[in-house]
Amino acid sequence: MLDMSDVILAKSDQLNAEDLIASPMILNVTGVKKINSDTQPVFIDYEGGEGRPYKPCKGMVKALSALWSLDGHEWIGKSIRVYMEPSAVYAGKETGGIRINGLSHIDSDKKVTVSESRFKKVTYLIEKLDIEQKQRAAWPDDKFNPQFDKMKTAIETGKSTVDSIVTFLQKTADLTQSQIDRLNSVELIEQQSDDDFFGEGE
């Protein structure tokens, strides 16, 4: 076989609809993060992605949230089947787009209706993917606990966020709910001025 898959791959920093012309893809999710963006606020990393994340449209984010969880951390370790939908519209033109038609970790096939635009709603059939999921280990407390103070300080000083820490750690193993709760309990501490610190601002 003379494989052309690397030739037709679009040159980009993200997964593109053109990459799915030949066939759908199954993405095994390894990380999820959210950024401040009106158009593509969610980045989903997956096995073999090589730094080209899947950036779902808001309609597909709604579908994932409805069928999996509003907590993006819960998506890690699950699988998504994506395909190219030629009729997808962007800026008033049919440009094609990435859509979801299969998910692991749902109990049966589901129909989800999402808004594609202000005036258009579309119903998608999301099939249950019967994929054998890899059993991931949980983060042992004897490794998590010694690092907690360092992570706590990073969050308090604004050097990192809970989301980025959780996403990084769960690339290796699953955090327990109690470990996630401990991280979520940490808050950013506002930086004090020298006057406030020495009481000269009163």
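Buried means under 20% relative accessible area, exposed means over 50%, and partly exposed lies in between (1.4 Å probe, protein chains only). Before you go on, note that this is a predicted model, in which local features need pLDDT of at least 70, side-chain atom pairs count only at pLDDT 80 or more, and totals for chains, interfaces and linings use all residues. Residues are numbered from 1 along each chain as its sequence is written, and side-chain values use heavy atoms, with hydrogens and water left out.

**Stop 1: the aromatic rings**

How many aromatic pairs does the structure hold? There are 2. Select Trp68 and Trp75 to see a tilted pair, with 6.4 Å centre to centre and 55° between the planes. Rings of Phe, Tyr and Trp (its six-membered ring) pair if their centres lie within 6.5 Å; planes under 30 degrees apart count as stacked, over 60 as edge-to-face and the rest as tilted. Trp68 is buried at a relative accessible area of 12%, and Trp75 is buried at 3%.

Phe144 is buried, at 1% relative accessibility. Both Phe144 and Phe148 belong to helix H3 (residues 141-156), where they are 4 residues apart, about one turn of the helix. Helices (H or I, at least four residues) and strands (E, at least two) are DSSP runs, numbered from the N terminus. An α-helix has 3.6 residues a turn, so residues three or four places apart point the same way.

Next, show Arg182. Which ring does Arg182 lie over? Arg182 lies over the face of Phe148, at 3.9 Å from the ring centre. A charge sits over a ring if NZ of Lys or CZ of Arg is within 6 Å of the ring centre and within 35 degrees of the ring normal.

**Stop 2: where H3 meets H4**

Colour H3 and helix H4 (residues 162-169). Their axes come within 10 Å and cross at roughly 150°. Axes are lines fitted to C-alpha atoms, for helices over the stretch in contact, and angles run from 0 to 180 degrees between N-to-C directions. To see the contact (heavy atoms within 4.5 Å), select Phe144, Met151 and Ile155 of H3 together with Val162, Ile165 and Leu169 of H4.

Stay on H4 and pick out its buried residues: Val162, Ile165, Val166, Thr167 and Leu169. They pack against strand S1 (25-34), H3 and helix H5 (177-184).

**Stop 3: two loop residues**

Go to Glu50, in the loop between strand S2 (42-46) and helix H2 (58-67). Glu50 has a positive phi of about 50° although it is not a glycine. Is Glu50 buried or exposed? Glu50 is exposed, with a relative accessible area of 77%.

Then visit His105, in the loop between strand S6 (97-103) and strand S7 (110-117). His105 is not a glycine either, yet has a positive phi of about 60°. At 43% relative accessibility, His105 is partly exposed.

**Last stop: the whole protein**

Zoom out and show the cartoon. The protein has 6 helices and 8 strands, and buried residues make up 39% of its 202 residues. Among contacts between residues at least 6 apart in sequence, 55% join residues at least 24 apart.
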